[in-house]
Amino acid sequence: MLAGAMAVGTSSEAQAQFTFGPGAAWHDNADLGIGVWFATPLPQLHEQVSLTGSFSYFFPDGGGDIPGGGSIDVSYWELNPGLAYSFVTESAITPFAAAGLNIARGSVDYDGPFDDIIGFGFSSGTEIGLNIGGGIRTMLGESLTGVVAGRLELGGGEGFVIEAGVGFPMGGS
C-alpha cells in the first residue's frame, strides 16, 4: 500500500520509472515496523495505475524475559502486493486509492524451564487476506518522493496500518 502512488507521476518520464525505497509503519496490533516497497506503472491497464508491493517487519510487544527463567520471542511480518490508482490533481500533493493482498506471518518461540512440560516451544501461522486504503504522495526535490498511507486489512493481519516512506526512481524512459 505504501508504494501506492509512488511510481505514478505527472509526466510520461515519471510514469516510466520503477520506484523503490525504505519505509516505516505502525500496525494497531503489532506496533512499529520497518520495511521496503516498490511501485511500477502499468500503462497497459491505465496511465494512473501502478503495480505495488511492500514488505514490513514489525516489532510487536509480548516478548522478553519471563520471571523464573526463560524467554519469549515474538515476530511478525507482512507482504502486501497490490494495485494503486492515483488521482490527477493540479496540486503538488497527489491522492491515491489502493487495494491488494495481505500476507501476514507471526510466530512465538518459548524457551524456558517448562518447555517440555507444556509442550509449547514454537508456534507460527500465516494468514492471507485483502487490504484497502489510500494516501497521499508528493515530490521531495527532483528525484525523491514522499508518501503517507493507511490501509485496513480484511483478513491476514486484521488491523489498521499507517505507513510513511521515501522513494527513489530507478530506470525510466
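Trainee: Before I look at anything else, what is pLDDT?

Mentor: pLDDT is the predictor's confidence in each residue, on a scale from 0 to 100. You need that term here since this is a predicted model, and the chain has a mean pLDDT of 84, with 81% of its residues at 70 or more.

Trainee: Which elements have the lowest and the highest mean pLDDT?

Mentor: Among the elements of the chain, helix α1, residues 12–15, has the lowest mean at 42, whereas strand β6, residues 82–86, has the highest at 97. Over residues 5–16 the pLDDT stays under 50, and for that stretch the model has 38 contacts beyond four places in sequence.

Trainee: How should coordinates be read where pLDDT is low?

Mentor: Where pLDDT is low, the predicted coordinates should not be read in detail.

Trainee: OK, on to the strands. Is β3 largely enclosed or open, and why?

Mentor: Strand β3 covers residues 49–58, and seven of its ten residues are buried, so the strand is largely enclosed by the rest of the structure.

Trainee: Which strands does β3 pair with?

Mentor: With β2 it pairs in the antiparallel sense over nine bridges, and in that pairing Thr 40 stands opposite Leu 51 in β3. β3 also pairs with β6, again antiparallel, over four bridges, and there Val 49 stands opposite Tyr 85 in β6. Finally, four bridges join β3 to strand β5, residues 71–79, and these two run antiparallel as well, with Ser 56 standing opposite Glu 78 in β5.

Trainee: Changing topic, how many aromatic pairs are there in the whole structure?

Mentor: A search of the whole structure finds five aromatic pairs. One of them is formed by Phe 18 and Phe 38, whose ring centres are 5.9 Å apart and whose planes are at 15°, so the pair is stacked. That pair links distant parts of the chain, with Phe 18 in strand β1 and Phe 38 in strand β2, 20 residues apart.

Trainee: Are Phe 18 and Phe 38 buried, exposed or in between?

Mentor: Phe 18 is partly exposed, with a relative accessible area of 31%, and Phe 38, at 26% relative accessibility, also counts as partly exposed.

Trainee: And what about the rings of Phe 58 and Tyr 76?

Mentor: Their centres are 5.7 Å apart and their planes are at 45°, so the pair of Phe 58 and Tyr 76 is tilted. Phe 58 lies in strand β3 and Tyr 76 in strand β5, so this pair ties together parts that are 18 residues apart in sequence. Phe 58 counts as buried at 1% relative accessibility, and Tyr 76 counts as buried at 12%.

Trainee: Which residues make up the largest nonpolar core?

Mentor: It has six residues, namely Ala 25, Ala 30, Phe 58, Tyr 76, Ala 104 and Val 161. Apart from that core lies another, of five residues, among them Ala 84, Phe 96, Ala 98 and Ala 149.

Trainee: Where is Ala 30 found?

Mentor: Ala 30 is found in the loop between β1, residues 18–27, and β2, residues 31–41, and at 4% relative accessibility Ala 30 counts as buried. Leaving aside neighbours within four places in sequence, Ala 30 is in contact with Phe 58, Phe 59, Pro 60 and Tyr 76. Take Phe 58 from that list: Ala 30 and Phe 58 are 28 residues apart in sequence, and 6.2 Å apart in space from C-alpha to C-alpha.

Trainee: Last topic, how many salt bridges does a search of the whole structure find?

Mentor: The search finds three. Arg 151 forms a salt bridge with Glu 78, and the closest N and O atoms are 2.7 Å apart. Arg 151 lies in strand β9, residues 145–155, and Glu 78 in strand β5, so this pair ties together parts that are 73 residues apart in sequence.

Trainee: What other salt bridges does Arg 151 form?

Mentor: Arg 151 forms one with Glu 153, where the closest N and O atoms are 3.1 Å apart, and the side chains of Arg 151 and Glu 163 also meet in a salt bridge, at 3.0 Å from N to O. With Glu 163 the link is again between distant parts of the chain, Arg 151 being in strand β9 and Glu 163 in strand β10, residues 160–170, twelve residues apart. Salt bridges that share partners join Glu 78, Arg 151, Glu 153 and Glu 163 into one network.

Trainee: Are Arg 151 and Glu 78 buried or exposed?

Mentor: Both Arg 151 and Glu 78 are buried, Glu 153 is buried too, and so is Glu 163.

Terms used: Residues are numbered from 1 along each chain as its sequence is written. This is a predicted model: local features need pLDDT of at least 70, side-chain atom pairs count only at pLDDT 80 or more; totals for chains, interfaces and linings use all residues. Side-chain values use heavy atoms; hydrogens and water are left out. Contact means heavy atoms within 4.5 Å. Buried means under 20% relative accessible area, exposed over 50%, partly exposed in between (1.4 Å probe, protein chains only). Two strands pair if DSSP finds at least two bridges between them. Rings of Phe, Tyr and Trp (its six-membered ring) pair if their centres lie within 6.5 Å; planes under 30 degrees apart count as stacked, over 60 as edge-to-face and the rest as tilted. A nonpolar core is a set of buried Ala, Val, Leu, Ile, Met, Phe, Trp, Tyr and Cys residues joined through side-chain atoms within 4.5 Å. A salt bridge is a side-chain nitrogen of Lys or Arg within 4 Å of a carboxyl oxygen of Asp or Glu.
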